[in-house]
Amino acid sequence: MAFYSSGVEYGIHSLTCMIDAKGNRREMTVREIAQLQGVPFDYLSKIFTKLSKAGLIVSTEGKGGGVQLARSPELITLLDIALAIDDKKSIFQCKEVRERFAVFNDSPPKWACSGVCGIHAVMKMAQDRMEEALAQYSILDISRSIYVKAPDNFAIEVDEWIDKKRQQS
């Protein structure tokens, strides 16, 4: 079971598509992004509505308009994207099992339920560390990691594909 929805993955991939090989922002339409990645346009449109509400992207008007990053790619973290799409989620919901031991006969002693549950504390720490890690990486970092491992012609092919789509509009 995934903690974050597929929308978060689509959102991260989509925003990295909006950065060229030099790290510059690139304007695209949501339809172009969906086609480039082979993902459903209707679903991606809903994701982009959330990204817009979170202030991560802005729409541009007029012929050839589309969407672009609202701020520099090094300032948009993976955590920003995850929170925009899936909101704040808790990876663990404590059910206070420690209070229901049969030997307590429906009347747990104070020592059994005082303080934060040890299991809950560890799970909260795990979530905090995961969020800290996501906050350390920007979409520029991810974009660069893609371009570093790709052959040189990949960036050219992507740019040419986008130019061709833009000319067809």
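Colleague: Which residues does Glu32 touch, not counting those up to four places away in sequence?

Modeller: Glu32 touches Trp161, Lys165, Arg166 and Ser169, once residues up to four places away in sequence are left out. Bear in mind that this is a predicted model.

Colleague: Where is Glu32 found?

Modeller: In helix α2.

Colleague: And is Glu32 buried or exposed?

Modeller: Glu32 is buried, because its relative accessible area is 4% and the cut-off for buried is under 20%.

Colleague: Arg166 came up there. What about Gly66, which residues is that one in contact with?

Modeller: Leaving aside neighbours within four places in sequence, Gly66 is in contact with Glu27, Met28, Thr29, Val58, Ser59, Thr60 and Arg166. Gly66 is found in the loop between β1 (57-59) and β2.

Colleague: Buried or exposed, Gly66?

Modeller: Gly66 is buried, with a relative accessible area of 13%.

Colleague: How far apart are the C-alpha atoms of Gly66 and Asp159?

Modeller: They are separated by 16 Å, and the two residues are 93 residues apart along the chain.

Colleague: Now Gly65. Where is it found?

Modeller: Gly65 is found in the loop between β1 and β2. At 15% relative accessibility, Gly65 counts as buried.

Colleague: What is Gly65 in contact with, leaving aside neighbours within four places in sequence?

Modeller: Gly65 is in contact with Glu27, Thr29, Thr60 and Arg166. For Gly65 and Glu27, the C-alpha to C-alpha distance is 7.6 Å, and they are 38 residues apart in sequence.

Colleague: Change of topic: helix packing. At what angle do α1 and α3 pack?

Modeller: At about 75°, with the axes of α1 and helix α3 (residues 41-53) 10 Å apart. That angle makes α1 roughly perpendicular to α3.

Colleague: What is the contact of α1 with α3 made of, by class?

Modeller: The contact of α1 with α3 has 7 nonpolar residues, 4 polar and no charged ones.

Colleague: Names, please. Which residues in α1 meet which in α3?

Modeller: On the α1 side they are Ser6, Gly7, Tyr10, Gly11, Ser14 and Leu15. On the α3 side they are Tyr43, Leu44, Ile47, Phe48 and Leu51.

Colleague: Take Ile47. What is that residue in contact with, leaving aside its neighbours within four places in sequence?

Modeller: Ile47 is in contact with Gly7, Tyr10, Gly11 and Ile85.

Colleague: Why does Ile47 count as buried?

Modeller: Ile47 counts as buried because its relative accessibility is 3%, where the cut-off is under 20%.

Colleague: And how far is Ile47 from Leu140 in space?

Modeller: The two are 19 Å apart, C-alpha to C-alpha, and 93 residues apart in sequence.

Colleague: On to pockets. What volume does the largest pocket have?

Modeller: About 230 Å³.

Colleague: How many residues line the largest pocket, and which lie nearest its centre?

Modeller: The largest pocket is lined by 14 residues, and His13, Thr16, Cys17, Ile146 and Phe154 lie nearest its centre.

Colleague: Which helices supply at least two residues of that lining?

Modeller: α1 (6-17), α2 (30-37), α7 (139-149) and α8 (152-168) each do. The largest share of the lining, 4 residues, comes from α1.

Colleague: What does the lining of the largest pocket have by class?

Modeller: The lining has 9 nonpolar residues, 4 polar and 1 charged.

Colleague: Next, backbone. What is phi of Glu96?

Modeller: Glu96 has a positive phi of about 55°, although Glu96 is not a glycine. Its place is in the loop between α4 (78-86) and α5 (110-113).

Colleague: How accessible is Glu96?

Modeller: Glu96 is partly exposed, with a relative accessible area of 26%.

Colleague: And Asn105, what is phi there?

Modeller: Phi of Asn105 is near 50°, a positive value in a residue other than glycine. Asn105 has its place in the loop between α4 and α5.

Colleague: Is Asn105 buried or exposed?

Modeller: Asn105 is exposed, because its relative accessible area is 64% and the cut-off for exposed is over 50%.

Colleague: Last one, Thr77. Where is its place?

Modeller: Thr77 is in the loop between β2 (67-69) and α4. Thr77 is buried, with a relative accessible area of 15%.

Colleague: What is Thr77 in contact with, leaving aside its neighbours within four places in sequence?

Modeller: Leu134, Ala135, Tyr137 and Ser138.

Notes:
Residues are numbered from 1 along each chain as its sequence is written. This is a predicted model: local features need pLDDT of at least 70, side-chain atom pairs count only at pLDDT 80 or more; totals for chains, interfaces and linings use all residues. Side-chain values use heavy atoms; hydrogens and water are left out. On a 1 Å grid over the protein atoms alone, a cavity is a set of points where a 1.4 Å probe fits but cannot get out, and a pocket is an open set with protein on both sides within 12 Å along at least five of seven lines; lining residues have an atom within 4 Å of a point. Grid points are joined across faces, edges and corners, and a volume is the space filled by probe spheres set on the points. Ala, Val, Leu, Ile, Met, Phe, Trp, Tyr, Cys and Pro count as nonpolar, Asp, Glu, Lys and Arg as charged, and the others, Gly among them, as polar. Axes are lines fitted to C-alpha atoms, for helices over the stretch in contact, and angles run from 0 to 180 degrees between N-to-C directions. Angles under 35 degrees count as roughly parallel, over 145 as roughly antiparallel, 65 to 115 as roughly perpendicular and the rest as oblique. Contact means heavy atoms within 4.5 Å. Buried means under 20% relative accessible area, exposed over 50%, partly exposed in between (1.4 Å probe, protein chains only).
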